[in-house]
2 protein chains.
Amino acid sequence: MANLSHDHGDHAFCPVHEAINILQEKWTLHIIRNLLDGPKGFNELSRAVGGCNPATLAQRVEKLVGLGILEKTVHSTMPPRTSYALTEAGQALQEVVEAIDRWSRRFLKEPVA
Amino acid sequence: MANLSHDHGDHAFCPVHEAINILQEKWTLHIIRNLLDGPKGFNELSRAVGGCNPATLAQRVEKLVGLGILEKTVHSTMPPRTSYALTEAGQALQEVVEAIDRWSRRFLKEPVA
DNA sequence: GTAGAGTGCTATGATTTGTCAAGCGATTGG
DNA sequence: CCAATCGCTTGACAAATCATAGCACTCTAC
């Protein structure tokens, strides 16, 4: 069992709190999960994620790139061809996705709503 | 290493997708994390979470109760005294929080913004 | 006895966040 | 030549969240 020391009472920088704030933004976890099986282009990712509009997706990947979780590679500007891939930090989030995966299969077997 | 079979291409019910949708709602993970070290009352939880306004918090805990993740116990109506505790399913989310914990300590050591 | 702080929320209106539909310049496929 | 695809951007809109105030009451302190 991990240490899980809860610093979150004082005003000090708390990485866990920060991480939760990153991951709770809409679509973020979906994006990461879909990139776990290889890099994708913008529209490809958009289709994989399903239901996220381009404006939000653009904003989200930009932020994730800024955080060092995603890496954007432009192969050619015209015709436009880009690919988004997980960095090392991004790949490491697989553990989180796996934890969610295990939890959901155990407790979410039946449709919820 | 978990199976991680990605069903998310067809329209079938996907528990992982569903779980992500639950966990990405604002404050949800903060609430769960703060309840990991014992049940709390409404205002107590509000203070622990920090920064969530009561309307949102009320809505969130209600949803989590509905999902079977939290359990609400009313000890007395007047003076009002309630407590929110994690159910078995809620406790099981500790694994997810721990995964986030490990990730954040490894990749989020320095302040981000 | 009475002021002050605490309980669990709900109501208000402002602000932030996410959404929708459309479209751009350019190339590729029929 | 016409439609489709690429990676986005724009601007108008809706939905979620925000800060703040308050209610009905009790409990402690003075």
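Which residues does Val96(A) touch, not counting residues up to four places away in sequence? Val96(A) touches Val96(B), Ala99(B), Ile100(B) and Trp103(B), a contact being a pair of C-beta atoms, placed from the backbone, within 7 Å.

## Basis of the model

The model is predicted: local features need pLDDT of at least 70, side-chain atom pairs count only at pLDDT 80 or more, and totals for chains, interfaces and linings use all residues. Residues are numbered from 1 along each chain as its sequence is written, while chains are lettered from A and ligands numbered from 1 in the order in which they are written.

The largest nonpolar core has 48 residues. Such a core is a set of buried Ala, Val, Leu, Ile, Met, Phe, Trp, Tyr and Cys residues joined through C-beta atoms within 7 Å. Val96(A) and Val96(B) are among those with the most contacts inside the core.

## DNA surfaces

Around DNA strand C there are 21 residues, near meaning a C-beta atom within 6 Å of the strand. Thr56(A) and Gly41(B) are among the nearest.

DNA strand D is also surrounded by 21 residues, the closest including Gly41(A) and Lys26(B). Helix H3 (42-49), H4 and strand E2 (81-86) of chain A, with H4 of chain B, each give two or more residues to this surface.

How values were computed
Helices (H or I, at least four residues) and strands (E, at least two) are DSSP runs, numbered from the N terminus. A residue is buried if 20 or more other C-beta atoms lie within 10 Å of its own, exposed if 12 or fewer, and partly exposed in between; C-beta atoms are placed from the backbone. Two residues are in contact if their C-beta atoms, placed from the backbone, lie within 7 Å.
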